[in-house]
Structure formats: structure tokens, C-alpha cells
Amino acid sequence: MARGGLIIFDYLLDESEDMHSLLLTDSSTLLIGGLQNHILEIDLNTVQETQKYTVETPGVTIMRQTNRFFFCGHTSGKVSLRDLRTFKVEHEFDAFSGSLSDFDVHGNLLATCGFSSRLTGLACDRFLKVYDLRMMRAITPLQVHVDPAFLRFIPTYTSRLAIISQSGQCQFCEPTGLANPADIFHVNPVGPLLMTFDVSASKQALAFGDSEGCVHLWTDSPEPSFNPYSRETEFALPCLVDSLPPLDWSQDLLPLSLIPVPLTTDTLLSDWPAANSAPAPRRAPPVDAEILRTMKKVGFIGYAPNPRTRLRNQIPYRLKESDSEFDSFSQVTESPIGREEEPHLHMVSKKYRKVTIKYSKLGLEDFDFKHYNKTLFAGLEPHIPNAYCNCMIQVLYFLEPVRCLIQNHLCQKEFCLACELGFLFHMLDLSRGDPCQGSNFLRAFRTIPEASALGLILADSDEASGKGNLARLIQRWNRFILTQLHQDLQELEVPQAYRGAGGSSFCSSGDSVIGQLFSCEMENCSLCRCGSETVRASSTLLFTLSYPEGSNSDKTGKNCDFAQVLKRSICLEQNTQAWCDNCEKYQPTIQTRNIRHLPDILVINCEVNSLKEADFWRMQAEVAFKMAIKKHSGEISKNKEFALADWKELGSPEGMLMCPSIEELKNVWLPFSIQMKMTKNKGLDVCNWTDGDEMQWGPARAEEEHGVYVYDLMATVVHILDSRTGGSLVAHIKVGETYHQRKEVSEGVTHQQWYLFNDFLIEPIDKHEAVQFDMNWKVPAILYYIKRNLNSKYNLNIKNPIEASVLLAEASLARKQRKTHTTFIPLMLNEMPQVGDLVGLDAEFVTLNEEEAELRSDGTKSTIKPSQMSVARITCVRGQGPNEGIPFIDDYISTQEQVVDYLTQYSGIKPGDLDAKISSKHLTTLKSTYLKLRFLIDIGVKFVGHGLQKDFRVINLMVPKDQVLDTVYLFHMPRKRMISLRFLAWYFLDLKIQGETHDSIEDARTALQLYRKYLELSKNGTEPESFHKVLKSLYEKGRKMDWKVPEPEGQTSPKNAAVFSSVLAL
């Protein structure tokens, strides 16, 4: 083979020859030996056999060469020394009685290892036979502490020996000294055995080959030299036929030739007919600038050294040539320099910067979310994968018809985005300023194939570094979520167990309510130059802004209202090639779009994806600013410079009228309201509209009759460009009075207020800030306009679709689950929980992603990203009645995501428990168990448990604080440590629990007993002073015991006690 891995030639040997060893004597001569009684000499230049040497002792398996001899190791255990010219035997050593394993030569020393004959057969000899080549006799054998299979001299400062066993043990020692056990190291092979070992010519690297085909490389420096004249090896591409890597379809440079295709005579799907395909030759890439700079011309031929910037005979595919056009918006690189050293970053206001959670030893418990959110609205946590859509979730939530519609929906589909979004909206309703997280919604989102196909699911590394274009991403997500919700809500067949889902007044026999709210009916007309016209009806859920052609080249400051651009985008007219049935070929056609019916909610994707569109927004904002100055200045001459004092005088109470400040007029092109009218000839008129203007086409009360509608801006989603953090997405949302009234901000709230939603940062803002876009760092992405008085058209009552039937018995997903393995008894109809009933709860979790942490210079650990947990088991125990202490829910949650750590020591979950094919547990979906807990919350039960805050957080539930009785806080003194459930059970109940692993039934029942003990000690909370003394003695005892429970002495676990036997009896 060549250095690059290419095969130079193949040399075929006779089938009867079994060769085992090779020796390259010089650059062109090769010796080959084996189990035969001869050794072949091959000339590498002519690829021919030049000599055949006969050996007296057959079985040459190892060959070495020095400047004096050829050394041949035989299977009989002998080592023969042969002349370099004649290949005759000069001397022979009988090293081992069994067989020879390996030998090596350095200087005047020959060291061998092998096998000796025993009564039971061959045994590995732990004595290395060492020979002095000056006197041709053996010297003192060297005893080693491993079973030697390979050995090599590593002559650096001394003649060290490396002795390797097949199990991976490695020992270094001197050939004339004693071996030290401290010099033993271990190689961790992938396979069970090491099959080969060698040392580089420079003696700086050791290479081990194991039985699984892996090579392990050990070096004494980060950048070793493998031979005295080392240069970088050009490796060949690995063969990918046997084990194919996963293919990422989002990568433009992915070679599709990696996919093996079977040989077939059938027509392939990719064989497009000639009528549907056209040749599109790829442009030649530009010549490297370094080649042009160093090129020397001789006549018309140029010569230049190869800069080696790319692989030989390979050029990358450039499928998207427009990506390089948009430098400042397509990708924001991360900068390691802080803001203090980059003054230009101060243009990004602090509240718009990307917010991150700082984790401590207690996780999130001591993080001050109130510092970022002083309102009673709930923010969303950003550390979950694909949480870039938080701002859009908030926009959908604050659309009152959408909020009610989604919460009225419930279906039996396991991963339904509408259901999960309804659960998340319910959490946002219950929250009193505490942040929520959309983990369950995003989990369902990741399972939808269309989301992955559209590139909406980001890898953690891409999301953290901001590699994806967030503006394009959120606009694609906006289109996807509206389409997906529209499809989910069109399914009208509702199972009996979920019959409450169809009871909403929103549902109709035709379109879904998402269609009623967002859909716009259109007529698409195609006119061929032959006069043939084709009309077809369609609908869309949103529009994309289409900007005037040549807008970036027109620097004269031409005014172009937003309403004009919007009309152009809705009633789109374009020239394109299309199929004409009359001409029976593709012809230039004029395609126009007319509106039949306007939507109730107008959704607009801004598509500011290049510098061209950004310059257009910037230019129009400047023109609008100049026009606003002229409008409000009135009598001031156009040629006279407008003074700031004059402006302030106009805006003062003593002035003629109140005017907005200069800062409020900067960077504003977007109107707060627009007016749209359907004309009789299927046309559309659009204009900007302000509250001070009269309707241009009729009075306001007659707007429905005249087809005139006013749309008010409700939300804007913007892309924040920040090179330090990779950018982020935030939303400006106008929150209606109904939301303020539900949060009880004040009595009789009737106003609307604009807020900034930046993940868990929520802050009220001035309305002008919602339409100000400084294109240097704040780029518009999505606009939401809603019809005026929209809420009056819809029934906004929410009927809880979750019924008591969800608590009844259900089948397990596990195929091997038997009734004898059942650990719970479902509730009977006469046991249905009532308001105030106690329910013991405990949950166990598994880890999906390990936490990311860094070690500071002072030795402390800082958590960058917490571990991602998933609920694996949920147990609910009866808290009263004759069956008190008996679980009625003990569900193992099936998961399709890869589990990194089952945390068996703390959770009791073992590999296989969550797999429906092999599990013997009662396995359910997360949605099924979630509905049970939601019903218990809605009915008003009180949950008793230990550390419930974390349990509810991972399950993704928001439970009112008056429905949570957490023993962690009941038995806690201020500014003291939290006490474990195990210690509390031992101290108060004389129970020793959690011996080997945790059991959620045991923990839930113990928490119930502790709560009963709390009521007993505190006299139902009436004697806090006496209970304080109990806590004081508890902490004193804990400090003496170092918070450790004594080892059990014959104590049985509570789950095996008499109270558990009642479960088996029932």
C-alpha cells in the first residue's frame, strides 16, 4: 500500500502456503515467512520472486533484522540467527519448550517471551528469556507480573522493555533489573483481547490493536513524531458500506452517493421524465485568490503552487448561492470578547439581550425570577432544547380565541400539539408570575416528522451557538404550527373517553376554528399569452411580505406605505413559467391572486432575510420620520433646521397640541392599525389608519355591511442580533383587559398594555417601542394583526374536557405485563376524590442528557446547562378511607427518547422497564398519566409528598400552592438545610426506607405518614411553638448523626409490611 492507503499491487501466493510474517529488509526487498520450510524474497520494483531460502526448522512466524543478523522466531520455541548475505544459520537459541510468542532485539540483547509445556498443556511463561549476543549465551531470566504476549524494546534514555498481555496489561521494566508492579498500566480495549502491538520508529508512540478491529494509540506528547522524517499522512476516505453513519438532510454538502442502492432493472423514483426536468449545469467555482496571486504565466498557461486549501479533485457543492449575500443576518458568530470591550454592543438594550439562568447547588430554587418579571404573567424557561419558539407560544396564548379553543380540545393521539399546547396554556393561566416550561409540548414537537423535515428541530450545539438563522427559523415555525393546529383540530371523531373535547362551541362541521380565525380564501388566476385563463380557489393561513423591485437601488427616499407593500403581498402579481393546457407546453404566464374573504387574524411573515430588505425597512423608516417631523412642525419652514426646543414646546401642555417625542418617531414604519376593504370587482384596498382618522369608506358601525375592516397590531416578533450570544427572539404583545382581569392586577381593569416577552423576562413597554426597529440589532420577523372587536364573535368559555373516566382502569402498553405484577388498585366509582382529599404522590426520573458544567479557577463548579430529566414512574396513593396507603396510580412512562442514565440507585428504574416489548410493569404514555394528574388538580385534591416542587417541574405541571403539602418544608427551619425523607422516616416513624434503591410507592406512603405525624405534633398547626422545639431537637439529632440513618438490623421495608399485604389481599 501507499502512504495514502491506496493499493499499489497484489501478490498471489500458492494456496498451499500459509504465510505469517513479513520483513522489509530495504526499500525494495521483502521477506515472507510462514509454516512452510522456506522463506521467499520478493523484489518490490519488479513484483517478482527473486530467491527462496530453505529453513531447517519450519514455522517462521516472527522475523527481525539488525546490522549483524536476520532473527527468525519459530513455532517450536526456537530463535535462529542467520547471515545477512547467505541466510545460513549462524547460531540458535532454544528459548521455550512450548512455543514462541514474541521477541525483540536491541543492541547486544535478545529478549523473548512464549509458552512452556506443562502437564495440562501449554502455559504462558512469566519469565522472559534474555540472551547476550556478544557471548551468545543466556543471562538471568526476567520475571514479570503480567502474562507476556508481546514485547518491544523502547530505547529512549535506557533500554526499557514494554511487556504486553492479551488482556490489556502493560508493564515497563529494564532487561537486566527487577520488574516493579508500580510500572503496570492498563489499556482499555474495545474487544476482549489485544491481538497486536508495535512501537513507532521514533519510540514516541505505542499502537495496540484489539480483536474488534480498533487501534489504540498512546503517545508521550500531544503531537508526537512517528518516524525521524515524519510528514503528515494523506489518509483515504473510509469505507462506509458495512456501517453507514446517520445522514443529516439539512447539510448542503452531504454526498447522496453514501446511500447504497441495490442493483435493479426497475424504474427508480428519481428517474424524472424529460418533460419535468431541465439541465442545470453547475457553475465552475472561482479560482482561489492565493493561486491567482502566486501564478506565473508562460504564454497563455499559468503555473502556481497548490495552496492545499481543499482535497484533491474535489470541490464543494454550492446549492444556496444566496446564503453568502446576507452576511449580517444569516448567521451571528459568537464572540469571546465581553460587552465591556465591545462598545458597539451597547446598542442592544439590556432587556432585549438573551437571558440565561444561573444555576447554583440548589438548582433553580434560589434563582430570582422576580428580578426579571414583576408582573403576574408567566414567562417560559429557555434551557430546554428547541425553546427558540417561546415567544411564539406567548403570542398564541394572548390571542383570546386561540387560548380558549386550544384548551377546549382533547384527543386520544399520543403526541398531539394542540393537546400539549392546551396543557401549557392551562399552566400559564394558573401561574402567578412563576415561569413555566414547555418541555412536554417540545417533546411532542420533536416527534413530528414534518418538523424535522422543515429543519425546525435544532441540535443543542446549533441552538447554543446561534448557528441557525433564527428569523427564518421562527417564520417557518409560525407557518408549521398554524398548519399543524389546523390539521389537529379538523379531526372531529372523538373517542368516548374524551367526549368532552367536542363540546366546544368553536367546532363546526366544515373548517377548523384555526381555519376560521387565520384562513384567507383566494382566487389564483393564471393568464397565458395565448389568452387561456385558469382560475382555481385556495386558502392560506398567513402572508409573506413581497417588497418592491429595485428598492435597494433607489436611494432617493421614495415613500412607500406599509399598506401598499401589504396590498402588493396579498394581491400578488408575478410573471412565471407555467404549463398551459391550450398550448400543451410551458409558457410565460401572468399569475394574479385575488381575495374572496379576509381572515379574522392577519399573520404576516416579514421575510427580512437579506441586506436588501433590511435597507428597505431602514430607508422607509427614515422617510416616515421626516414626514412626521414636517407634519407636527407645521409652520416651520422646510429649509430651516428644526430645533429641539421648538419641538419640546409643541409637545408641552402649554403648546397647541400634544405631540410624540422625537425618540418615539425614530425607526418607525409599521402602523398600529390598517384598514382593509373588499371592492366589488374582487379588489382590495388597504391603507394605514389611526384612531384620529375617520373611515374612508363608511362609518365604523357599518363596517361589516360595506366590507370595511380595521385591523389592530397585536404582536410583533423580532430577531435580536447580538454577536456575543448568537442572537435571540423576543415578542412585543398587546395584552388585553381580560388577561389583566384574570390575574387580578386591579379591580375593574379595562385598559390594554404592551409587554416585552423575552423568555422569562417580562416587562411593560411603551406602545411605540413595539414598532421601532433599529435594523442594526432589532429586525422584524412576524406581525400579528387582529380584527377590531374580534372576541365578540366567539364564545370564549372554557369547558374542561378532562373527565373522571381517565382515573378508571386502563390497559398497559407492556406486552409481558400480567395481573400478578400489578402494584396498584384503580379507584372505584365510589372512591372518586373530592375537594380537599389527600393524595400521596411521588415520581421517579431518568436522565436524557447529562448536565454541562465547567470548573472555575478557584475550584468551584458552575453549571452551564442542567441535566434534562424525563419522568419514568408516577405513583399516587390514597390518603384517606378504608384503603388508605394503597396506590391507585403506579404508571411507568414509556419514552421514545434515548435514556442516558436510568439512575437505578435513586429511581429504582432498570433498563427495560420503559420498553413496551420487554417490560413487565404497567406501562402507559405520558399524556395518559398527565391527564390523571390534571383531573386531580382540577378537582381540588391536596398532594402530599417529599420534594414535590421538582416532581411537578419535571412532569411539567403547575399546581396551586394551596394544593401542595410538601414534607420538605413542613419539617424545615429557616436558613437550615433540607432534610431527606429517609432521615425523617427513621426519626419520626422508626422506619428504615430506601435501603438499596428508591421505591415511589414506599416514598409516597411514607410522606403521607409524615404528614399525619406533623398534624399530631403541631396539633393541626395550632401550636407552632411546641412544634418548633421538635424541629430543634430534630436538627440537633441530625448533626450528631451526620444526617445518616443507622444501618438496618433485620428491619423490613414498609412496602413488605402488613399495610402492603392488604394490596395483595384486595
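**View 1. Helix 21 and the helices around it.** In this predicted model, helix 21 (residues 981–989) has 7 of its 9 residues buried, so it is largely enclosed by the rest of the structure, where buried denotes under 20% relative accessible area, exposed over 50% and partly exposed in between, with a 1.4 Å probe and protein chains only. Helices (H or I, at least four residues) and strands (E, at least two) are DSSP runs numbered from the N terminus. The buried positions of helix 21 are Leu981, Phe983, Leu984, Ala985, Trp986, Phe988 and Leu989, and these residues pack against helix 20 (967–970), helix 22 (1000–1017) and helix 23 (1024–1040), contact being taken as heavy atoms within 4.5 Å. Asp990, which follows helix 21, has a positive phi near 55°.

Residues are numbered from 1 along each chain as its sequence is written. Because the model is predicted, local features need pLDDT of at least 70 and side-chain atom pairs count only at pLDDT 80 or more, while totals for chains, interfaces and linings use all residues, and side-chain values use heavy atoms, with hydrogens and water left out.

View 2. Strand 40 (residues 868–878) and strand 41 (residues 887–893) run antiparallel and are joined by 5 bridges, with Arg873 standing opposite Tyr892 of strand 41.

**View 3. Strand 29 between two partner strands.** Strand 29 (residues 601–605) is mostly covered, with 5 of its 5 residues buried. Ile601, Val603 and Asn605 point one way from strand 29, whereas Leu602 and Ile604 point the other way, and all are buried. Strand 26 (residues 543–544) runs parallel to strand 29 and is joined to it by 2 bridges, in which Thr544 has Asn605 as its bridge partner. Strand 36 (residues 778–787) pairs with strand 29 in the antiparallel sense over 5 bridges, and Leu783 of strand 36 is the bridge partner of Ile604.

**View 4. Helix 3, and the crossing of helix 4 with helix 5.** Helix 3 (residues 390–397) is mostly covered, 8 of its 8 residues being buried, namely Asn390, Cys391, Met392, Ile393, Gln394, Val395, Leu396 and Tyr397. The axes of helix 4 (residues 400–408) and helix 5 (residues 417–430) come within 8 Å and cross at roughly 115°. Val402, Arg403, Ile406 and Gln407 of helix 4 make the contact with Ala418, Leu421, Gly422, Phe425, His426 and Asp429 of helix 5. These contact residues divide into 5 nonpolar, 3 polar and 2 charged, where Ala, Val, Leu, Ile, Met, Phe, Trp, Tyr, Cys and Pro count as nonpolar, Asp, Glu, Lys and Arg as charged, and the others, Gly among them, as polar.

View 5. Strand 15 is joined by 6 bridges to strand 16 (residues 159–164), which runs antiparallel to it, and Ile154 stands opposite Arg160 in strand 16.

**View 6. The hairpin of strands 1 and 2.** Strand 1 (residues 19–26) and strand 2 (residues 29–34) are paired antiparallel over 6 bridges, and a hairpin links strand 1 to strand 2 through 2 residues. Met19 has Gly34 of strand 2 as its bridge partner.

**View 7. Two buried cysteines.** Cys436 is buried, with a relative accessible area of 1%, and Cys876 counts as buried at 0% relative accessibility. A search of the whole structure finds 0 disulfides, a disulfide being a pair of cysteine sulfur atoms within 2.5 Å.

Definitions and conventions: Pairing = 2+ DSSP bridges. Axes fitted to C-alpha atoms, helices over the stretch in contact; angles between N-to-C directions.
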